[in-house]
Amino acid sequence: MAANEQIGTPHFSETFDVLIVGAGHAGCEAAAASARMGLRTALFTLNLDLIAQMSCNPAIGGVAKGHLVREVDALGGIMGEVADSCGIQFRLLNTSRGPAVWSPRAQCDKALYRTKMREKLESIPNLFIKQAEVIDLVIEDNRITGVLLRDGRKIAAKSTIVTTGTFLNGLIHCGEQQYTAGRSGEPASVLLGESLKRLGLRETRLKTGTPPRLDGRTIDWSRFEEQPGDSDPTPFSFRTLQTLTDLSSRPERSGVERPVGEPVTDAKGATTDAQATPPSSTLYPLHSASWTPPLRQISCHIATTTPETLALIKANAHRSPMYTGQIEGIGPRYCPSIEDKIVRFPDKTSHQFFLEPEGLNTHEVYINGMSTSLPQEVQSAMVHSIPGLENAEMLRPGYAIEYDAIDPTELDRTLRVKKFTGLYLAGQINGTSGYEEAACQGLIAGINAALFARHISGAPSSPTVLSSAKVGSQDARVPTPEAQSLLPASFTLDRTEAYTGILIDDLISKGTDEPYRMFTSRAEFRLHLRIDNADARLTPHGRRLGLIDDTAWAAFEAKQLRLAAFTHLLETTRLNDTDLTTLTSPQNCHLDRSAQRVVERPASPVAAQPQKGDLFAQLLKRPETTIEHLIPALIPRLTAEAFAPWRTALTAANPNPYSLIPNPCRIPAWVRNELKTVETSIKFAGYLAQQQRSMDRLRKDESREIPSWFNYAACSGLSREMVEKLTKIRPSTLGQASRMQGVTPAAVALIHTFLEIQARTHTQQQARIA
């Protein structure tokens with residue numbers, strides 16, 4: 001049945017509330033959210049063994065991307081938990097800068113990530129994972145009512161989410177060779193791609209790429225700079241830390257178990273019993289100071305190209321599909337191929353890249369920073385031109401891939417296609433790049449598809465809290481009858497609430513002519529949108545939607561109580577003589593922000609010495625003072641029950657945490673991160689208040705809706721170009737219109753004026769019709 005044909009009463013083989021096409025990072029989050037909200041959900045994939053495949057870099061997070069993962073987790077998503085369970089290196093990035101740009105990153109075991117994600121999905125009630133190819137959409141009265149499979153079956157669904165990644169008409173390029181594929185070794189989704197074209201949606205053609213993979217046993221690792229992970233790692237998921245903050249019971253083991261003594265080989269080819277994961281009793285010792293990842297941690301290595309490498313690439317750049325005209329799609333500006341770097345930056349004499357193992361049970365090594373589509377023999381010579389890689393065996397060549405994407409201005413803020421009812425898009429099909437960008441879209445699309453499916457079933461709309469109940473060994477959300485009838489009709493986030501809201505707003509307001517990547521610089525209010533407060537911003541939303549269970553909610557409330565109590569302590573406690581002795585002692589030291597080494601408190605010749613009677617909060621506002629400086633004097637005051645998890649962790653980390661000399665220097669990373677939340681709110685109170693006023697103004701503009709009947713052509717004073725652009729995108733609010741490219745403040749003021757005029761005219765016309 002063609003997508004543009006009208007049908008009567010088709011015969012459906014199965015019926016679901018929500019159906020997701022594609023089991024990549026967007027599809028997994030969409031499926032999990034929908035099913036956990038109580039909807040009968042189907043997830044269709046071309047290959048059950050490649051669910052949540054890491055097609056490119058086997059890592060989660062990074063600058064700004066880590067913010068997205070934290071937000072997904074805070075709303076009740078699953079990417080953060082899975083990454084924590086199979087991470088083999090954890091690093092908190094940008095800790096030498098302000099807390100607004102701190103970002104977690106984890107190198108993951110690539111194969112294990114797929115396994116753990118599938119285990120997670122299969123444990124969720126209401127979720128049915130199926131292997132089949134979707135080739136068409138079934139449409140009835142401008143509404144998507146299901147899908148058609150290649151085997152001829154029709155599957156009915158109240159709402160459908162398409163998350164096809166790079167598979168839509170995918171075309172791989174490696175030198176002069178090109179062939180159809182969704183990614184290397186997997187077929188492209190050609191029939192579905194053609195079906196979506198018949199819907200009449202605006203499309204674009206994009207390109208991305210991947211680097212060669214090497215055999216770690218053939219690398220001379222001694223020639224490269226080692227890059228270890230954090231000794232005291234920071235996990236992605238707030239729920240991961242429940243094992244440390246809940247002192248009522250011994251924490252259960254999380255992650256992957258291997259029998260003690262089982263031989264494990266790593267990327268370097270080493271085999272040793274010591275690499276086996278420790279037994280459950282030692283993985284999370286009761287009341288341990290810090291979080292311990294469940295897998296053995298590894299190092300990555302830093303390398304640079306040589307003049308020979310650059311000369312080789314320059315001599316063969318004409319053979320790259322990017323420069324022969326073979327590739328038509330537009331590639332990512334901020335993640336260019338190595339040949340693109342050489343051509344665009346000819347003055348640079350070297351380029352940095354990273355050697356990153358893809359797992360604990362494989363020798364495969366990913367070359368981060370060397371994405372390329374040069375011919376295979378050129379790639380091999382390029383690798384061998386680097387000291388330490390002279391004998392490296394290339395296991396897989398790099399390649400570029402072109403694919404179809406839909407112009408995201410075709411979507412509304414819920415990620416629904418505006419021209420059709422019941423159709424949502426998420427992930428790379430919307431023009432984004434990256435696992436994290438896909439995951440946050442999948443979560444929002446999954447939530448809204450579930451809400452829509454419930455809404456058309458006849459349930460009224462209003463927010464409430466869903467209860468949770470134990471089902472077998474899983475903590476599953478079971479909506480009460482009252483809760484089922486009181487959910488909102490849709491769920492959206494704006495630019496003041498989350499990076500996720502910024503990403504979606506950028507896409508639907510401006511579109512994109514290249515793969516969109518998230519950066520902290522895209523956020524106007526990034527001091528508000530930090531990784532440490534993602535739960536405070538978003539977990540109440542997740543709770544109302546039924547995505548946060550009782551255990552996670554209790555841990556969230558306990559954390560907020562700790563932070564509020566600590567803020568009160570700082571704002572009401574004054575320094576005494578003992579505090580002055582402690583704070584001015586030469587032995588007063590603290591961990592630096594990366595929590596990797598103990599350093600002495602930096603002397604400040606111009607800073608005024610603390611005085612008796614000063615409030616701790618007043619002292620903390622000084623630029624040279626951090627919470628680490630004050631902790632030695634504050635520890636004896638952490639007597640309230642709310643501070644019990646901190647006291648326990650500090651006791652475990654320091655032999656004698658209550659002695660004044662030597663002062664406690666070890667602050668576990670998770671405790672430090674919570675303390676930093678309070679420090680940021682106090683130290684930057686003025687800036688936060690200023691941003692809050694700006695956010696209030698933005699929300700005021702967002703509250704001024706532009707109705708669908710508004711006629712931009714009737715606004716005298718708007719240029720023809722602006723009328724065409726506004727009519728094409730049809731922004732839903734005045735705020736969205738103001739962020740469109742080329743729309744000036746004067747134009748926004750004009751639209752605001754005509755909103756009043758046209759509203760009166762429209763009301764009169766409706767009255768006459770009535």
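The structure is a predicted model, in which local features need pLDDT of at least 70 and side-chain atom pairs count only at pLDDT 80 or more, while totals for chains, interfaces and linings use all residues. Residues are numbered from 1 along each chain as its sequence is written, and side-chain values use heavy atoms, with hydrogens and water left out.

**View 1. Overview of the chain.** The chain has 25 helices and 26 strands; helices (H or I, at least four residues) and strands (E, at least two) are DSSP runs, numbered from the N terminus. Of the 770 residues in the chain, 59% are buried, where buried means under 20% relative accessible area, exposed over 50%, and partly exposed in between (1.4 Å probe, protein chains only). Among contacts in the chain with a separation of 6 or more, 75% are between residues 24 or more positions apart; contact means heavy atoms within 4.5 Å.

**View 2. The six-stranded sheet around strand E19.** Strands of a sheet pair through backbone hydrogen bonds, either parallel or antiparallel. Here an open sheet of six strands has the order E14-E17-E18-E19-E13-E20, and its pairing is antiparallel; two strands pair if DSSP finds at least two bridges between them. At the edges are strand E14 (225-227) and strand E20 (394-396), each of which pairs on one side only. On average, neighbouring strands of this sheet are turned by 35° against each other, direction ignored. In strand E19 (residues 364-368), four of the five residues are buried, so E19 is largely enclosed by the rest of the structure. Strand E18 (residues 352-357) pairs with E19 in the antiparallel sense over four bridges, and Pro 357 has Val 365 in E19 as its bridge partner. Strand E13 (residues 213-215) also pairs with E19 in the antiparallel sense, over three bridges, with Arg 213 partnered by Tyr 366 in E19. Elsewhere in the sheet, three bridges join E14 to strand E17 (residues 300-304), and these two strands run antiparallel. Glu 226 stands opposite His 301 in E17.

View 3. An open sheet of three strands has the order E3-E5-E4 and antiparallel pairing. Its edge strands are strand E3 (59-61) and strand E4 (87-93), and each pairs on one side only. From one strand to the next, the twist averages 15°. E4 and strand E5 (residues 103-108) run antiparallel and are joined by six bridges; Arg 91 stands opposite Arg 105 in E5. Helix H2 (residues 65-75) lies across E3 and E5 and runs at about 80° to E3. Axes are lines fitted to C-alpha atoms, for helices over the stretch in contact, and angles run from 0 to 180 degrees between N-to-C directions. Helix H3 (residues 79-86) packs on the sheet and touches E3, E4 and E5; the direction of H3 makes about 115° with that of E4.

**View 4. The crossing of helices H12 and H14.** Two packed helices are described by the angle between their axes and the distance between the axes. Helix H12 (residues 435-456) and H14 pack at an angle of about 90°, and their axes are 10 Å apart. H12 is therefore roughly perpendicular to H14; angles under 35 degrees count as roughly parallel, over 145 as roughly antiparallel, 65 to 115 as roughly perpendicular and the rest as oblique. H12 contributes Glu 437, Cys 440, Gln 441 and Ile 444 to the contact, and H14 contributes Thr 500, Leu 503, Ile 504 and Leu 507.

**View 5. The buried face of helix H23.** Met 722, Val 723, Leu 726 and Ile 729 are buried in helix H23 (residues 720-729). Seen down the axis of H23, the buried residues fall within an arc of 145°, so they line one face of the helix; the arc is that of the directions from the helix axis to the C-beta atoms. Arg 720, Glu 721 and Glu 724 are exposed on the other side of H23. The cover over the buried residues of H23 includes helix H14 (499-510), helix H24 (734-738) and helix H25 (745-769). Just after H23, Arg 730 takes a positive phi of about 50°.
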